[in-house]
Amino acid sequence: MNPTSRLRTRQRLRRLLLLLSFVLLPVTLYYFSPVLVLGAASEGVVNGSLLVFALMLAGALFLGRLWCGWGCPAGGLQDCATLVNDRAVPGGRCNWIKWGIWIPWVALIAVLAIRAGGLHGVDPFYGLEGGVTLDIPEDPSAPPWYLIYFIVVGLFLGLALLIGRRAGCHYVCWMAPFMIIGRKVSNLVRGPALRLTARPDLCTNCLTCNRHCPMSLDVNVMVRSGTMDDSECILCLSCVDGCPRQVFSLRYDRLGPGVHSRRTEGAGAAQDFPCRPVHTTE
Ligand code: SF4
Ligand code: SF4
């Protein structure tokens, strides 16, 4: 197999994994629930979704946001939406919207847990009899699981269709901040992790990487500035696999030349022009 077809195969595999994850969402939905965790915390219980969020944070120490690029059902759904709307989305300060959701939500979890006398039990199947979302028995006092399912799908799909590429990941995802924090801690302590590196000397500024990036990052600017680490990068490797000059590579390494951490939220042009989309020329 020549290198080009091997790379295409890798992206096909990635899309397949994301699609599979989305198809399984009726089974896994409540393991990502931002609501179930509140009920569990108020009883002092660590539930399945809190365990998943903790795993995301711990995993991001070594793998960054690999989950977003390769495993997230909402990511798979939004990638499908690019068939209808493939516009780059505004980054920069707009990325802070999700923190406006995340910080009060995490504070509420903490308050509920403190009022319950702390977290004193672990139940991965809390509120999930049988361990599968669509198996939950009907409870007249609670909304049915499929209603929640359609709300979540509608939210992420609607944002992607209305605004553009993975808008839900940028603006509303309650899971992304866990992984961003994990990555930032890893950068801070200079721990080894999966990282993108680039060779600016090989870059011809063709902007193929910008067109391929599902997170609308200005990858070209990242390459030229020698700062390949960005909190919105999901390590999907679309830029790596799409580059005709093999500018990029993936390394398990500490921060160093070519992978220095960017300032903070938002990438490339979006960093210089807050809330404006990255524009690429064909
Ligand atoms: S940002 Fe959130 S919705 Fe998007 S891929 Fe990551 S976990 Fe999924
Ligand atoms: S910079 Fe590359 S690896 Fe990161 S999200 Fe964009 S295309 Fe994917």
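Predicted model: local features only at pLDDT ≥ 70, side-chain atom pairs only at ≥ 80, totals over all residues.
Let me begin with arginine 224, which is partly exposed, because 14 other C-beta atoms lie within 10 Å. The cut-offs are these: a residue is buried with 20 or more other C-beta atoms within 10 Å of its own, exposed with 12 or fewer, and partly exposed in between, the C-beta atoms being placed from the backbone.

Residues are numbered from 1 along each chain as its sequence is written, and chains are lettered from A and ligands numbered from 1 in the order in which they are written.

Arginine 224 belongs to helix α12, residues 219-225. Helices (H or I, at least four residues) and strands (E, at least two) are DSSP runs numbered from the N terminus. Setting aside neighbours within four places in sequence, arginine 224 is in contact with Pro200 and Cys203; contact requires C-beta atoms, placed from the backbone, within 7 Å. Its C-alpha atom is separated by 8.6 Å from that of aspartate 201, 23 residues apart along the chain.

Valine 223 is also in helix α12. Is valine 223 buried or exposed? Valine 223 is buried, because 26 other C-beta atoms lie within 10 Å. Not counting residues up to four places away in sequence, valine 223 touches Ala198, Pro200, Cys203 and Val247.

Turning to the whole chain, the secondary structure comes to 14 helices and six strands. Buried residues make up 41% of the 282 residues. Among contacts between residues at least 6 apart in sequence, 81% join residues at least 24 apart.

The largest nonpolar core has 61 residues, and Met56, Met175 and Met179 have the most contacts inside it. Helix α4 gives the largest share of this core, six residues. At least three residues come from each of domain 1 (3-181) and domain 2 (192-272). By nonpolar core I mean a set of buried Ala, Val, Leu, Ile, Met, Phe, Trp, Tyr and Cys residues joined through C-beta atoms within 7 Å; the domain bounds come from an automatic or database domain assignment.

Helix α4 covers residues 48-63, and its 16 residues should span 22 Å at 1.5 Å a residue, which agrees with the 21 Å between its end C-alpha atoms. The expected span is 1.5 Å times one less than the number of residues. The buried residues of α4 include Leu50, Phe53 and Met56. These buried residues of α4 pack against α3 (36-42), β1 (45-47), α5 (66-70), α10 (176-188) and β3 (193-198). Just after α4, glycine 64 takes a positive phi of about 55°.

Methionine 179 is among the buried residues of α10. Leaving aside neighbours within four places in sequence, methionine 179 is in contact with Met56, Leu57, Ala60, Arg65, Trp67 and Cys68. After α10 comes arginine 190, with a positive phi near 55°.

Finally, the ligands. Around ligand 1 are Cys68, Cys72, Ala74, Gly75, Gly168, Cys169, Cys173, Met175 and Ala176, where a residue is near if its C-beta atom, placed from the backbone, lies within 6 Å. Helices α6 (73-81) and α9 (167-171) give two or more residues each to this shell. Of the 13 residues around ligand 2, Cys213, Cys233, Cys236, Ser238 and Cys239 come nearest.

Methods: Contact = placed C-beta atoms within 7 Å.
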